[in-house]
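Me: Got a model open here and I'd like a quick tour. Can you walk me through it?

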Amino acid sequence: MKFNKAYFALIIMLLPFFSQAQNRGIPVYSDYLTDNLYLLHPSMAGASTNNKIRLTARQQWFDVEDAPSLQTLSINGRVGEKVGVGAILYNDSNGNFSQQGAYLTFAYHLMLSGGWDNLNMLSFGVNVGVGQEKLDETGFGIPDPINTRSVQSDAFFNVDFGLSYYFREFFAHFTVKNIIPQERDIFFQDETLAALTNQRQYVGSLGYVISPRSSDWSFEPSVLVHFREQTVETNVDANIKVYRTFDFGMLWGGLSYRRSLDGAEYNGGGSLVQSQKLQYITPFLGINYKNFMFAYTYSYQANSVVLTNSGFHQITLGYNFGGEGERFECNCPAINF
């Protein structure tokens, strides 16, 4: 299908709403790169030698009214030697649509090696989540039989399941989100419309920490693949993260490039047909000072046709507690810090 530039710009503007409308739970952004893997993978609850509290605030397009925003508060830690637990609260809003919810997490960590000198750990995790969606139609002035001109709400329950594997500096994660199919009554009140019942998503990632000998620097290349089953959408992240250790803690940062494998064609003028796929460039910077963590993330949409160039901003605050015991003899920041 071909679009002119005006229609294509409108589609790009509405993409976040459509994406959120078919998503339940926390959207998949780049916050996992700021020492927040637990937001994506329930198997990371209690995986670290520290217990962690993380608070995030993300805002898109400061110059656009009612632009998408997300806030999360999470805590996770180890109970005993093998059990991890965690909890997440989140608020996600986008114009007239919003969702709030909470997850409780149980994780189990199976040590495949015998001691702290050789990290070899397989982890399993389950999220059980409840939430509520709201669609505010009070400001919709367009006459339509399905427009109630009221605030609609719909409660939901769902489950995520994840696996993580760490072998010294190598790591891999895989999570299935929104396992239970559910109808979206808040959007599909007309029986003639096809309801979107499958919100299942798959998130997989792997990477390796490169640690030169006698150096305070470490380099972590990684890749993440995110797939939505019903809409057959795929995003791929290519990431590089750099760490520098100091006496007070650690300074780290990096760059992420996200590209959608799906796109649309549009008329670039005359008979010229062009194609565009969503792509984001995301630099981030963070610091661990003793038990505290601070990080800033900026995402730039690198497309020729965009709604605005103001970008997406996110701040992450964290605190680590516990973990006064031994650490694994590997350069594996997600586990040891």
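This is a predicted model: local features need pLDDT of at least 70, side-chain atom pairs count only at pLDDT 80 or more; totals for chains, interfaces and linings use all residues.

Me: How much of the chain is buried?

Reply: Buried residues account for 46% of the 337 residues. The accessible surface comes to about 15900 Å², and 62% of that belongs to carbon and sulfur atoms.

Me: And what share of the contacts is between residues 24 or more positions apart?

Reply: That share is 58%, counting contacts with a separation of 6 or more.

Me: OK, the core. Which residues touch the most other members in the largest nonpolar core?

Reply: Ile-26, Met-44, Leu-119, Tyr-166, Trp-252 and Ile-335 do, out of 36 residues in that core. Elements giving two or more residues to this core include strand S6 (151–167), strand S11 (249–269) and helix H2 (333–336).

Me: Stay with Ile-26. What does it touch, leaving out residues up to four places away in sequence?

Reply: Leu-39, Leu-70, Thr-72, Ile-88, Tyr-90, Tyr-103 and Lys-177.

Me: And Trp-252, what lies over its face?

Reply: Lys-241 does, at 4.7 Å from the ring centre.

Me: Switching to rings. How many aromatic pairs are there?

Reply: Nine in the structure. One of them is Phe-246 with Phe-248, a stacked pair with 5.2 Å centre to centre and 5° between the planes. Separately, ring pairs link Phe-174, Tyr-202 and Phe-227 into a cluster.

Me: How many disulfides does a search of the whole structure find?

Reply: One. Cys-330 and Cys-332 form it, with their sulfur atoms 2.0 Å apart. The link is right-handed, with 50° about the S-S bond.

Me: Are those two cysteines buried or exposed?

Reply: Both Cys-330 and Cys-332 are buried.

Me: Last one: where is Gly-95?

Reply: In the loop between strand S3 (83–94) and strand S4 (97–111). Gly-95 is partly exposed, at 39% relative accessibility. Its C-alpha atom is 6.1 Å from that of Ala-67, which is 28 residues away along the chain.

Methods:
Residues are numbered from 1 along each chain as its sequence is written. Side-chain values use heavy atoms; hydrogens and water are left out. Helices (H or I, at least four residues) and strands (E, at least two) are DSSP runs, numbered from the N terminus. Buried means under 20% relative accessible area, exposed over 50%, partly exposed in between (1.4 Å probe, protein chains only). A nonpolar core is a set of buried Ala, Val, Leu, Ile, Met, Phe, Trp, Tyr and Cys residues joined through side-chain atoms within 4.5 Å. Contact means heavy atoms within 4.5 Å. A disulfide is a pair of cysteine sulfur atoms within 2.5 Å. Accessible areas come from the Shrake-Rupley method with a 1.4 Å probe; for residues, only the protein chains shown count as cover. Rings of Phe, Tyr and Trp (its six-membered ring) pair if their centres lie within 6.5 Å; planes under 30 degrees apart count as stacked, over 60 as edge-to-face and the rest as tilted. A charge sits over a ring if NZ of Lys or CZ of Arg is within 6 Å of the ring centre and within 35 degrees of the ring normal.
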